[in-house]
Amino acid sequence: MWKQEGEAAMVRHKGFKRARLMKGSPTGSNRPEQDDKKTDARDPKLVIDEEGSIIGYVQESGPSAGKPGSSGTDGGYEAEIKMSDEERELKEDTNISQDFDRLKRQLEERVGLNKSFDVVFREMVFGGQKTGIFYYNGFAKDTVLTDILTRLSYAGESHREGEAGKHEKRRTRRDDAPETDAQKDERGGPEKLNVIELFDHALIPHIQVKKTRDLKEAVDNVMMGGTAFFFEGENEAVLVDAKNFPVRSTEEPDLERVVRGSRDGFVETLLTNVTLVRRRLRDPRLKLEITQVGNRTQTDVCIGYIQDICDMDLVESVRDKIKSVNVDGLPLAEKQLEEAIIGKGWNPYPMVRYSERPDVVAAHMLEGHMVVFVDTSPSVMILPTTFFHHVQHAEEYRQTPLVGSYLRWVRFMGIAASLFLLPLWFLIVTSPQLKPAGLDFIGPQETAKIPLILQFLIAELGIDLMRMAAVHTPTPLATAMGLVAAILIGDIAVKTGLFVNEVILYLAVAAVGTFATPSYELSLANRLARLVLLVSAAIFKVPGLVIASTLLIAMLAMQRSYNTPYLWPFLPFNGKAMYDIMVRRPFLSMRTRMSLTKTKDGTRQPQS
């Protein structure tokens, strides 16, 4: 209903409409007009334009104007943003209050208690002791907490006094001398146990329990899925690690499938991932250090290494890098952390290796590498790594040495074809004098309506478009999408004369080589490098391809990840290590670890 105040606002803000904030009351189509007038003077007013965008507030007149929480600049949304000195003091106070009213006000300002529906502070009484249970509803493991609450429900004054009597008897057996007043004061008197000691030592049946006097530590523990028990009159809390994260099963990762081998893979839960590695490496010197990154997300980050194998200078460097990361958060987990600690800029080639297989991670740790786990991500970073770490696959080690070497060479040829096949074919076709004898059949027999270089560029973009469409297409529609791409686009494009058959053939071979690259990140980088080589060959012919290839190798040779040459052992050359790259040797013949990782213990197997 429009009233005089609304009409005045329309005059002052010509062309704009006005909306009122309704404080939980039903829509007023059937309300009496006088009731609407009463609430109109109290409710804050917003000015919005015809498209619904908020322009600002309208200062209302009346007895409530200018008062906090009524209207104007002191009420509405701005009251949610402004913070009084008391609220700021409550938010910054890290001491656990003994008064529950103040404690709840602290939690309101710190974590949004009574505002966020999933933040719960449950007050109960056990044995005459008022207890507050603080947890996040979605993280609480109800079965464990139910057992704890069942145990606490038996806590009575008699139990407390009985525990105190046992404590007194144990003390008397240790020392028959009478207890002094100072000793009584030190243990809290003979009449009862301390509340925290009673609940921690006697009443909470759980293995992961600790005490704290820091409210921030308690809140952080609850944010990570735990539960905090507060006791009125006490400035200490008991933290119970009873969490229940939503988690999927440890399925085999899609990007690293093997014909034979383990079928478990990492998931989005950090504890599950480190347990999968710990299961394979039962070495007491396997160290797993955890920290938090992100001022708002407080994402758990864990670095893992074998202490007497891994280079501790590398561990210290990575640890310092992670601790120095000062960002709001890591919602994209390991990828954002990689960019923060590696700092490779616009270089498309990956400086770390990702793996979702626990056996691959364990094998690299035995080689002297260190790994970085990030909570909420199924991918684990392995570093340091080189170019040749990205072209090896677990399948090679699941077969016999000869078969594994053959598979490795086939993969190497596919990767080389994905990089150099198209530029070389383009040079031979556009420069017939370069065509070797006996290869006269190479080259298109018919011409197309589009130049060759444009055919390649359009087809490259089309393959990437189809790849992205395949990722985003639901599984029931994937077959239909493949038919559209293969028949309606590829076949028709050739028949209409837009493309020649050989362009599609060689581009398909290069695409297969790209898909055969074990590292997804490396395959994407090679695709960009192929485009650069192709354009260079089209513009500058042979000198362009030679110069572009040289610059590519030089760029990779200059890359270093934590003082590790990216093209090692090719540049700088190491004959023994290069042989291990080219040939998959038998397991028992690999007696030493690679020198790249600078391991403290370089012996893999004792000499026979």
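**Entry 1. A salt bridge between loops**

Which residue does the side chain of Glu-252 meet in a salt bridge? I looked this up in the model, which is a predicted one. The partner is Arg-357, with 3.7 Å from N to O. I then noted where the two residues lie. Glu-252 is in the loop between strand E8 (237–240) and helix H11 (270–280), and Arg-357 is in the loop between strand E11 (353–355) and helix H14 (358–366). The pair is 105 residues apart and links distant parts of the chain. Both Glu-252 and Arg-357 are buried.

I also asked which residues are linked with this pair in a network of salt bridges. The network consists of Glu-252, Asp-254, Arg-257, Arg-263, Arg-357, Asp-359 and Arg-398. For the structure as a whole, I recorded 32 salt bridges.

I turned next to Arg-530, which forms a salt bridge with Glu-460. Their closest N and O atoms are 2.6 Å apart. Arg-530 belongs to helix H20 (residues 520–558) and Glu-460 to helix H17 (residues 452–472). With 70 residues from one to the other, this pair also links distant parts of the chain.

Are these two residues buried or exposed? The cut-off for buried is under 20% relative accessible area. Arg-530 has a value of 2%, so it is buried. Glu-460 has a value of 1%, and therefore counts as buried.

A further salt bridge joins Asp-464 and Arg-467, with the closest N and O atoms 3.8 Å apart. Because they are 3 residues apart in helix H17, about one helical turn separates them. I found both Asp-464 and Arg-467 to be buried.

**Entry 2. The cavity**

How many cavities of 30 Å³ or more does the structure hold? I recorded 1. The space in the largest cavity is about 30 Å³. Its lining is made up of Glu-460, Ile-463, Ala-511, Thr-514, Phe-515, Arg-527 and Arg-530.

The elements that give two or more residues to the lining are H17, helix H19 (501–515) and H20. H19 provides the largest share, with 3 residues. By class, I noted 3 nonpolar, 1 polar and 3 charged residues in the lining.

Why is strand E7 (residues 227–231) described as largely enclosed by the rest of the structure? The reason is that 5 of its 5 residues are buried. I checked the directions of the side chains as well. Thr-227, Phe-229 and Phe-231 point one way from E7, whereas Ala-228 and Phe-230 point the other way.

E7 pairs in the antiparallel sense with strand E5 (residues 129–136) over 4 bridges. E7 is also joined to E8 by 4 bridges, and these two strands run antiparallel. Phe-229 has a place in both pairings: it is the bridge partner of Ile-133, and it stands opposite Val-238 in E8. E7 and E8 form a hairpin with 5 residues between them. In the turn, I noted that Gly-233 has a positive phi of about 90°.

**Entry 3. Cysteines**

How many disulfides does the structure contain? A disulfide is a covalent bond between the sulfur atoms of two cysteines. The count comes to 0 disulfides. Cys-302 is buried, with a relative accessible area of 4%, and Cys-310 counts as buried at 1%.

Conventions. Residues numbered from 1 in each chain as written. Predicted model: local features only at pLDDT ≥ 70, side-chain atom pairs only at ≥ 80, totals over all residues. Heavy atoms only, no water. Salt bridge = Lys/Arg side-chain N within 4 Å of Asp/Glu carboxyl O. Buried < 20%, exposed > 50% of the residue type's maximum accessible area, 1.4 Å probe, protein only. Disulfide = S-S within 2.5 Å. 1 Å grid on protein atoms, 1.4 Å probe; cavity = no way out; pocket = protein on both sides within 12 Å on 5 of 7 lines; lining within 4 Å. Points joined across faces, edges and corners; volume = space filled by probe spheres on them. Nonpolar A, V, L, I, M, F, W, Y, C, P; charged D, E, K, R; others polar. Pairing = 2+ DSSP bridges.
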